[in-house]
Amino acid sequence: MGTIDSWVIWNLTGGVNGGVHITDVTNASRTMLMDLKTLSWDPEIAADMTIPLSMLPEIKSSAEVYGNAAIPSLAGIPVAGDLGDQQAATFGQACFEPGMAKNTYGTGNFMILNTGTEIVPSKNGLLTTLCYKIGDTPPIYALEGSIAVTGSLVQWLRDNLKMIDSASEIEVLAGSVEDNGGAYFVPAFSGLFAPYWRNDARGALVGLTRYVNRAHIARAVLEATAFQTREVLDAMNADSGVPLTELKVDGGMTSNNLLMQFQADVLGVPVVRPVVAETTALGAAYAAGIATGFWNGEQDVIDNWAEDKRWSPAADPNEIARTYRNWKKAVTKTFDWVDADVHQ
């Protein structure tokens, strides 16, 4: 029993013929069964969930040699790096200092802020989690904010409404108008994640007038991702007390220049994309390289990280404040849509 990394490592190292049953601190934290302070399974929570501790994998660091591969094509090669998806992306982005953050733009968005060796309980709807742990060094913690619908909203516009033929077309369409025309799209298709956590919310397209056309709606779709990211960042700033100075970004949507520029405008800080945008796989590889001595440590990762493009805030702050205020108003229109006696 374990998360997917446990299953993969078990099979890589031999399975029933001597396989290693382990997980790392970041994946273990995702089960909600691990004590963040002791980095061990919490017997009370496990008992509440009727899970015998003997079934659970041994918790290891994110960068150490767990065992050697036993399958013929990889025989003898050390298995050495294990990180959860978003933590691996944070590692690959070289966010090693407290206050550094990355945001992954995929089907949904996931922002992680490094809080160092301090466990910061969130008072603003974020998740307190492990960021990474290298060998015997102290664990590094993080705050994470999850946004359910970002890239999938563009897919919805393509597949459900047939407004575009391919996801990449949205940038041209949205760029054909100067602003959103007063339209705001809150994609609470299955409720709202951070920082609201409202499962009674449903999607809303508001502020419509006869002036609004398909280009304005396309722009509102892109802006929804940037506004939701701003809300998560505001929560992170409030929890950590350390204002973000720049945001490192990765994932498929970072190829959209219009979105990235608007993101910088809404956040009021530079948005930076690395040369290697697939930072999740890169982060796991770095962790394994550190464990086996191929890399000397975090400094090598920092030295290897390279900036590809940077977007700096360029919009009128007063105009951004106005649109963000309207966005917050639009979010409230999604609340309380699902009644208690209706199953949706």
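1. Thr23 is located in strand 1, where helices (H or I, at least four residues) and strands (E, at least two) are DSSP runs numbered from the N terminus. The model is a predicted one, in which local features need pLDDT of at least 70 and side-chain atom pairs count only at pLDDT 80 or more, while totals for chains, interfaces and linings use all residues. Residues are numbered from 1 along each chain as its sequence is written, and side-chain values use heavy atoms, with hydrogens and water left out.

2. Thr23 has a relative accessible area of 2% and is therefore buried (buried means under 20% relative accessible area, exposed over 50%, partly exposed in between, with a 1.4 Å probe and protein chains only). Its side chain makes a polar contact with the side chain of Asp5 at 2.8 Å; such a contact is a pair of N or O atoms within 3.5 Å, where within protein one must be able to donate a hydrogen and the other to accept it, and residues adjacent in sequence count only if both atoms are side-chain atoms. Beyond four places in sequence, Thr23 touches residues including Thr3, Ser6, Trp41, Pro57 and Asp82, contact being heavy atoms within 4.5 Å.

3. Val20 belongs to the loop between helix 1 (4-12) and strand 1 (22-24). Apart from neighbours within four places in sequence, Val20 is in contact with Ile9, Trp10, Thr13 and Tyr66. Between Val20 and Ser6 there are 14 residues in sequence and 8.4 Å in space, C-alpha to C-alpha.

4. An open sheet contains 7 strands in the order 7-8-6-5-11-12-13, with mixed pairing; two strands pair if DSSP finds at least two bridges between them. Strand 7 (127-132) and strand 13 (307-311) are the edge strands, each pairing on one side only. Within this sheet, strand 5 (residues 101-105) and strand 11 (residues 247-250) run parallel and are joined by 3 bridges. Asn103 has Val249 as its bridge partner in strand 11.

5. Asp265 lies in helix 8 (residues 257-267). Asp265 is buried yet has no salt bridge, the nearest side chain of opposite charge being Arg219, 7.2 Å away. A salt bridge is a side-chain nitrogen of Lys or Arg within 4 Å of a carboxyl oxygen of Asp or Glu; Lys and Arg count as positive and Asp and Glu as negative, with His and the chain ends not counted. The side chain of Asp265 does reach the backbone nitrogen of Ala314, at 2.7 Å. Ala314 is also among the residues that Asp265 touches beyond four places in sequence, together with Ser312, Pro313, Ala315 and Ile320.
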